[in-house]
Amino acid sequence: MLSSAGTQWSAPYDEVRKRLQIRSKQVAPELQEQANQRFRTYMALFRGIGLLYEEDGILQSTELGESLLTLLNEQYQRIDDFSQQVYLNYRTQLAQMVAPALARYQLASPLTRDSYPPGTDIRPLLAIWRIMRKLGNKLHWEELGRCVTTCLRESDIEPAIEKIAQARTQAGYDPNDRDLMEQVLGPRRPDKGSNQSDRLDTWFSRAAFKNLFLEPRDRQDGYRYLNSEFIPLLDEIIQTSPLPDQFEDRGEYVRWLGATANEPSPIQADSDGKLRNLIVEKCRRYGGRQIIALVGPAGTGKTRVAQDVAMTLAEGDATRVLTVQFHAAFTYEEFVGGLAPIKGGFEPAPGALVQINDAALASPEKTHVLIVDELSRADVANVLGELLTYIEYRNRPFLVPGLGKRVSIAPNLIIIATMNPTDRSVVNMDDALVRRLRQIEIPRSRDALQVILQEAGMASDLRKQVTQWFDGLPEDAPFGHGLFVGIRDERDLHDLWHESLRYFLRRGGITTYPNPEKIENTYVWRHTRYTSATEEEA
């Protein structure tokens with residue numbers, strides 16, 4: 001339906017059918033009217049949650065609808081078995097996108113044909129989330145029908161919560177017992193329809209948004225439960241959703257309902273989801289013959305991205321992921337294998353590579369991942385040894401002298417490395433190593449910085465100033481957004497400079513970054529007026 005925006009909206013909806021590739025055919029008049037009604041029913045649903053509306057006989061999409069269509073197109077263009085994993089990665093983005101619109105949805109609005117008494121201001125989907133959070137993250141449809149659907153004002157919600165909470169404390173409380181519910185919760189709200197359970201299921205379905213925010217179906221106890229994955233997001237929406245505006249015009253209301261957020265939410269921790277998906281695809285495409293190297297300055301989240309990608313490739317199985325961190329003293333024996341001190345002597349012992357490789361060879365149908373953190377901090381050519389050649393030629397076994405056995409690199413083993421391009425050892429990497437690296441830049445992220453500062457509780461005005469300073473950093477600035485975790489006020493910013501950031505520019509009186517003044521002079525919070533301490537200005 002979203003892809004049909006811009007088409008004529010009138011029965012029998014031939015333009016929409018054509019856009020949706022639905023074959024038109026001659027049917028009996030009564031059946032044609034059923035088909036037309038089906039389109040109108042879906043239109044009412046999509047309009048009610050802020051995705052589509054009709055204006056001057058033309059089907060229109062809101063900002064939210066356009067964003068959702070883009071997201072769905074990106075998802076469903078993937079036709080291999082990776083599409084399911086893509087869906088899981090997009091769940092947070094999808095929830096973040098639609099939750100604010102669902103929370104704004106009003107019972108009394110220009111879309112409603114029913115008449116409601118003056119002062120009706122309840123937002124029913126937000127009310128359902130709010131009530132469920134106060135009642136153990138669950139709600140029975142009898143509780144919904146007898147206490148929640150009777151609420152017409154925001155002020156009615158707390159008494160409804162208290163009534164259900166009190167009823168649940170009674171001995172023998174069973175919401176599946178209709179007679180008991182009549183006694184303790186009172187009658188259901190009068191309903192014009194013939195099947196009230198269908199109407200209540202509709203409200204649950206809307207609050208769930210296709211099983212995103214609520215679990216797919218009732219549990220054995222008959223309750224619907226919130227999806228624990230998105231409880232933090234719903235808590236944020238409950239706390240921050242603004243009071244409803246009043247609208248007379250249908251189009252104006254739907255456009256407001258379907259407006260998208262201007263800034264990221266703290267809950268959207270994965271603001272670089274598309275980058276992660278790109279890296280997963282690169283691993284699948286090139287990981288069979290190259291090392292996938294994630295490259296970026298300190299604080300850009302390279303290690304976290306590597307771990308997220310590895311878990312995606314390993315389908316969430318942590319036993320198929322092994323992480324090793326290189327350092328200046330790291331050896332070939334530790335990485336590949338060789339003699340190791342054991343019980344006062346030396347015995348052959350497999351290194352990290354051989355261990356994960358053996359596991360991959362034993363399960364050839366499953367992807368295994370080796371993460372090499374801080375690749376450039378070791379003597380890379382010596383530590384990697386034969387891997388420099390046989391990462392590319394996996395059908396050729398090589399001898400590991402210290403183990404006395406021949407090893408072939410498993411075709412289902414992917415190696416992901418992280419490295420900082422400012423490390424001096426990067427310059428000394430030889431061409432043989434560089435040729436076997438597929439380097440992907442992990443950049444500083446403005447969106448990630450905003451999320452971090454919001455999570456820390458930084459005031460919006462200060463957050464805007466810090467973000468503007470961050471936007472003005474040179475492209476080769478030696479640090480990223482991750483260094484701002486936990487920073488919430490000007491004093492924290494002052495301490496961050498004197499205890500961390502300045503050491504990326506100068507160490508021991510020696511300038512390590514060209515033109516440090518470009519960064520130093522713009523960071524106003526380094527001055528002593530931003531702290532109660534008595535330190536001298538830098």
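**Close-up views of a predicted model**

**View 1. Helix α5 and the residue after it.** Gly136 follows α5 and has a positive phi, near 70°. Helices (H or I, at least four residues) and strands (E, at least two) are DSSP runs, numbered from the N terminus. This is a predicted model, in which local features need pLDDT of at least 70 and side-chain atom pairs count only at pLDDT 80 or more, while totals for chains, interfaces and linings use all residues. Residues are numbered from 1 along each chain as its sequence is written, and side-chain values use heavy atoms, with hydrogens and water left out. Helix α5 covers residues 124-134 and is mostly covered, with 8 of its 11 residues buried (under 20% relative accessible area; exposed is over 50%, partly exposed in between; 1.4 Å probe, protein chains only). The buried residues are Pro124, Leu125, Leu126, Ala127, Ile128, Trp129, Ile131 and Met132. An α-helix has 3.6 residues a turn, so residues three or four places apart point the same way.

**View 2. Strand β9 and its two faces.**

**View 3. The strands paired with β9.** Two strands pair if DSSP finds at least two bridges between them. Strand β6 (residues 321-325) pairs with β9 in the parallel sense over 5 bridges, and Val324 stands opposite Val372. Strand β12 (residues 413-419) also runs parallel to β9, joined to it by 5 bridges. The bridge partner of Val372 in β12 is Ala417.

View 4. Cys147 is buried, with a relative accessible area of 3%. Cys283 is buried as well, at 1%.

**View 5. Confidence along the chain.** The mean pLDDT (the predictor's confidence in each residue, from 0 to 100) of the protein is 82, and 87% of its residues reach 70 or more. Confidence is lowest in helix α18 (residues 424-427), at a mean of 59, and highest in helix α7 (residues 157-168), at 94. Over residues 78-83 the pLDDT is below 50, and this stretch has 7 contacts beyond near neighbours in sequence (heavy atoms within 4.5 Å). Residues 533-538 also have a pLDDT below 50, with 12 such contacts in the model.
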